[in-house]
Amino acid sequence: MNRSFVKMMNRIAEVENHILKGLVLGEHGNWVPIADRKAVEEDFLAHISAGEVLYQGRWVTFAEVKNSRTKEVERPPHISMVSPRRAPKRMVIV
């Protein structure tokens, strides 16, 4: 038999054994108990249901993220969003 086929069959048997033991692949590619993974998923869904998002490693409300991003994007008062060439004649460009 081809060696690569044998390796593949061994790998399949290894995966089946992990599954029979109640293990699943975790987010980092390691085998973890399904109960642990389920708890992590339930915690994640609880945060999402509460209207929270994971932002910079913390669970915060969407409004907090929006406010913090607005502050980051604020432009100085001397910058206009309208090009001087396209501005209406009565509009004052600062």
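Predicted model: local features only at pLDDT ≥ 70, side-chain atom pairs only at ≥ 80, totals over all residues.

Student: Where is His 18 found, and is His 18 buried or exposed?

Tutor: His 18 is found in helix α1. The general idea is that a residue counts as buried when its relative accessible area is under 20%. His 18 has 17%, so it is buried.

Student: Which residues is His 47 in contact with, leaving aside its neighbours within four places in sequence?

Tutor: His 47 is in contact with Glu 52 and Trp 59 on that count. This histidine is found in helix α2, which covers residues 34-49. With a relative accessible area of 18%, His 47 is buried.

Student: Let me step back to the whole chain. How many helices and strands does the protein chain have?

Tutor: There are 3 helices and 4 strands. Read from the N terminus on, the elements run α-β-β-α-β-β-α.

Student: What share of the residues counts as buried?

Tutor: Of the 94 residues in the protein chain, 11% count as buried. The chain exposes about 8600 Å², and carbon and sulfur atoms supply 59% of that area.

Student: Now the strands. How many bridges join strand β3 to strand β4?

Tutor: For a strand pair, look at the direction and then at the partners. Here 4 bridges join β3 (residues 52-55) to β4 (residues 58-61), and the two strands run antiparallel. Val 53 stands opposite Val 60, while Tyr 55 stands opposite Arg 58.

Student: What do β3 and β4 form, and how many residues lie between them?

Tutor: They form a hairpin with 2 residues between the strands. Gln 56 is found in that loop.

Student: What should I look for in the backbone of such a turn?

Tutor: Most residues other than glycine have a negative phi. Gln 56 has a positive phi of about 55 degrees although it is not a glycine. Its relative accessibility is 66%, so Gln 56 counts as exposed.

Student: How many aromatic pairs does the count come to?

Tutor: The count comes to 1 aromatic pair. Phe 44 and Trp 59 form this pair, with 5.6 Å centre to centre and 70 degrees between the planes, an edge-to-face arrangement. Phe 44 lies in helix α2 and Trp 59 in strand β4, so the pair ties together parts that are 15 residues apart in sequence.

Student: How does accessibility look for Phe 44 and for Trp 59?

Tutor: Phe 44 is partly exposed, with a relative accessible area of 39%. Trp 59 also counts as partly exposed, at 26% relative accessibility.

Student: One more feature, please. Which residues form a nonpolar patch on the surface?

Tutor: The patch is made of Phe 5, Val 6, Met 8, Met 9 and Ile 12, with about 400 Å² of accessible area together. Take Met 8 as an example: its place is in helix α1, residues 3-20. At 43% relative accessibility, Met 8 counts as partly exposed.

Notes. Residues numbered from 1 in each chain as written. Heavy atoms only, no water. Pairing = 2+ DSSP bridges. Patch = residues over 30% accessible without salt bridge, like charges linked within 9 Å, V, L, I, M, F, W, Y side chains within 5 Å. Areas by Shrake-Rupley, 256 points an atom, 1.4 Å probe, with all protein chains shown as cover. Salt bridge = Lys/Arg side-chain N within 4 Å of Asp/Glu carboxyl O. Buried < 20%, exposed > 50% of the residue type's maximum accessible area, 1.4 Å probe, protein only. Contact = heavy atoms within 4.5 Å. Phe/Tyr/Trp six-rings, centres within 6.5 Å; stacked < 30°, edge-to-face > 60°.
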